[in-house]
Amino acid sequence: MPPAPCSQLDSSGRLRHLISLDGLPRERILALLDHAQALRAASRNGTRAADVLAGRTVINLFFEPSTRTRTSFDLAAQRLGAHVINFDIASSSTTKGESLLDTVHTLEAMHCDAFVVRHKESGTPQYIARHLRSGAAVLNAGDGNHAHPTQGLLDALTLRLHRPNPAALRIVICGDIRHSRVARSDVHALHALGVRDLRLCAPPQLLPDPAEFPGCGIFHNFDEAIDGADAVIMLRLQKERMEAAAIPSEAEYFVRYGLSSDRLRGAHRDCLVMHPGPINRGVEIASEVADGPQSLILEQVANGVFLRMAVLVELLAAGDSAKIRA
Ligand code: NCD
């Protein structure tokens, strides 16, 4: 069941929290991409980002492992001059039985402006946002299989940088769609870009109810799905969220759903290859494809920092974002 909604926008339509791309107006999504793109261009010209978040505190609250998302939020906040705390769950009082909300309220009492939250339970960021006692913002860094909005946005940004007219593209998302918060956020972000031919491909046991994905083509045969594709987004098997017997063997999975060079030849000649990471080589993607000339995997990582900078400015710059953008 989807988590109860929480208003992400304030009464004047400004972003208050970033919980999900579902329900976020298309213009808001496109404005965030434009801002991230401008920050990326400035950085490539050697311009250092202004310390527009000096004096602000961002707390990373990651209850699940993370390499790129946590580091990316950390760097994004620091490059804008914010102070960042990487809250260490393993050595915190949560191990002494303190509840999630007691932990959050304790951190709030020390004053912070934003919580970046990752949790295995869908709905945790909304839950925190609804119970905050301060004006802090909540940024969802991935909750269960529900949403990973900044990943959806950075994927859309990366795609748009390479294909400025994404509406005309055929895009395939292949892998463990059922357990993927990335797939859910990617679908919203790509629909906001105007993508019409969006295909989801997975074995039947790794596809949720197609009604959850209106406007998407559903495929179980990867060779059919990839035919003529302009971009393929591969997903990891999220074993931590599935029953042991869901996939018979990784070798068999790779034969049917792995992205090999041979299979990629069925796509458009310049097909872009994307993956949110972490990649499992030889399971959902062959090394030669992951490291090959069509792969944007590390570029996605690089773009993620600019995208998260744009989101942090939007959420924390309190009314003066026009000044900050100038
Ligand atoms: C993903 C996640 O955690 O949802 N990774 C990421 O944030 N880049 C995907 C995954 O874990 O497979």
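**Close-up views of the predicted model**

**View 1. Side chains at the ligand.** A polar side-chain atom of Arg118 lies 2.9 Å from an oxygen atom of the ligand. Thr69 also places a polar side-chain atom 2.9 Å from a ligand oxygen atom. In the side chain of Gln151, an N or O atom is 3.2 Å from a nitrogen atom of the ligand. A polar contact is a pair of N or O atoms within 3.5 Å; within protein, one atom must be able to donate a hydrogen and the other to accept it, and residues adjacent in sequence count only if both atoms are side-chain atoms. The residues around the ligand, each with a heavy atom within 4 Å of it, include Arg68, His148, Arg181, Val182, Arg236 and Gln238. The model is predicted: local features need pLDDT of at least 70 and side-chain atom pairs pLDDT 80 or more, while totals for chains, interfaces and linings use all residues. Residues are numbered from 1 along each chain as its sequence is written, and side-chain values use heavy atoms, without hydrogens and water.

**View 2. The cis peptide bond at Pro278.** Gly277 and Pro278 are among the residues around the ligand. The peptide bond that joins Gly277 to Pro278 is cis, with omega near -5°. Most peptide bonds are trans. Pro278 sits in the loop between strand 9 (272-274) and helix 10 (287-290). Helices (H or I, at least four residues) and strands (E, at least two) are DSSP runs, numbered from the N terminus.

View 3. Domain 1 covers 26-147 + 302-324, and domain 2 covers 149-298; the bounds come from an automatic or database domain assignment. Their centres, taken over C-alpha atoms, are 26 Å apart. Domain 1 gives 28 residues to the contact and domain 2 gives 24 residues, where contact means heavy atoms within 4.5 Å. About 2,100 Å² is buried between the domains, 58% of it from carbon and sulfur atoms. Buried area is the accessible area (1.4 Å probe) that two parts lose on being put together, summed over both.

View 4. Three salt bridges cross the interface of domain 1 and domain 2. A salt bridge is a side-chain nitrogen of Lys or Arg within 4 Å of a carboxyl oxygen of Asp or Glu. Arg241 and Glu64 form a salt bridge at 2.9 Å, N to O. On the side of domain 1 that touches domain 2, helix 1 gives the most, with nine residues.

**View 5. The Glu212 and Arg184 pair.** The closest N and O atoms of the salt bridge between Glu212 and Arg184 are 2.7 Å apart. Glu212 lies in the loop between strand 6 (197-201) and strand 7 (216-219) and Arg184 in helix 6 (residues 181-192), so the pair ties together parts 28 residues apart in sequence.
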